[in-house]
Amino acid sequence: MKRISLLIIVYITLIVGCTDRDDKLDTVNIRIKNESSINFDEVQIGDNEEFYENVGPDKYSDYLIYLEGFTSNSISIIAGEETYQFTPENMEEEMQLPIGLYTYKLSLDEEGEVLLEFVID
């Protein structure tokens with residue numbers, strides 16, 4: 001009897017432990033990674049009402065949910081007194097994302113231009 005109980009507990013633990021975050025997704029989830037050397041106080045992607053706050057250098061934000069996402073999007077970054085903008089060259093050519101987890105890696109070049117690298121998580 002003890003052996004059966006132990007097997008049941010091990011089985012349930014394996015089933016629950018093997019559930020991945022992306023197994024239960026029903027939306028596009030995007031996070032950012034700050035690859036610059038400065039702190040990002042606020043980052044807004046597209047016209048989403050929510051924004052990422054206080055993302056330090058070489059740190060990831062939490063995921064935010066989007067009704068639709070793209071491989072590239074307009075981005076506004078506030079860092080201290082400075083505001084940095086990114087606008088895709090041709091938004092019509094950007095691919096709409098399926099349900100999933102994604103990261104926008106953001107950095108700044110020497111001229112203060114925002115650089116975006118899109119990553120599928």
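**Entry 1**

The model is a predicted one, in which local features need pLDDT of at least 70 and side-chain atom pairs count only at pLDDT 80 or more, while totals for chains, interfaces and linings use all residues. Residues are numbered from 1 along each chain as its sequence is written, and side-chain values use heavy atoms, with hydrogens and water left out.

Two strands pair if DSSP finds at least two bridges between them.

**Entry 1: the sheet**

I traced an open sheet of four strands in the order β4-β1-β7-β8, and its pairing is mixed. Because β4 (64-66) and β8 each have a single partner strand, they stand at the edges, and one side of each is left without a neighbour in the sheet. From one strand to the next the twist averages 30°; the angles are taken between N-to-C directions of axes, which are lines fitted to C-alpha atoms (for helices over the stretch in contact), and run from 0 to 180 degrees.

**Entry 2: Asn 29**

I located Asn 29 in strand β1. Its relative accessibility is 4%, so I recorded Asn 29 as buried. The classes are buried under 20% relative accessible area, exposed over 50% and partly exposed in between (1.4 Å probe, protein chains only). A polar atom of the Asn 29 side chain lies 3.1 Å from the backbone oxygen of Thr 27.

**Entry 3: aromatic rings**

I found two aromatic pairs in the structure. Rings of Phe, Tyr and Trp (its six-membered ring) pair if their centres lie within 6.5 Å; planes under 30 degrees apart count as stacked, over 60 as edge-to-face and the rest as tilted. The pair links distant parts of the chain, with Tyr 102 in strand β7 (residues 100-108) and Phe 118 in strand β8 (residues 114-120), 16 residues apart.

I checked the accessibility of both residues. Tyr 102 is buried at 4% relative accessible area, whereas Phe 118 is partly exposed at 25%. Ring pairs join Tyr 102, Tyr 104 and Phe 118 in a cluster.

I looked up strand β2 (residues 40-45) and strand β3 (residues 52-55), which are antiparallel and joined by three bridges. Phe 40 has Val 55 as its bridge partner in β3. The hairpin has six residues between the strands, and in it Gly 46 takes a positive phi near 55°.

Most residues other than glycine have a negative phi. I noted Asn 54, which is not a glycine, with a positive phi near 50°. Asn 54 belongs to strand β3 and is exposed, with a relative accessible area of 57%. Asp 58, also not a glycine, has a positive phi of about 60°. Asp 58 sits in the loop between β3 and β4 and is exposed at 53%.

**Entry 4: confidence**

Last, I looked up pLDDT, the predictor's confidence in each residue, from 0 to 100. The chain averages 86, and 79% of the residues score at least 70. Among the elements of the chain, β3 has the highest mean pLDDT (98) and helix α1 (residues 2-17) the lowest (54). Where pLDDT is low, the predicted coordinates should not be read in detail.

Definitions and conventions
Helices (H or I, at least four residues) and strands (E, at least two) are DSSP runs, numbered from the N terminus. A polar contact is a pair of N or O atoms within 3.5 Å; within protein, one must be able to donate a hydrogen and the other to accept it, and residues adjacent in sequence count only if both atoms are side-chain atoms.
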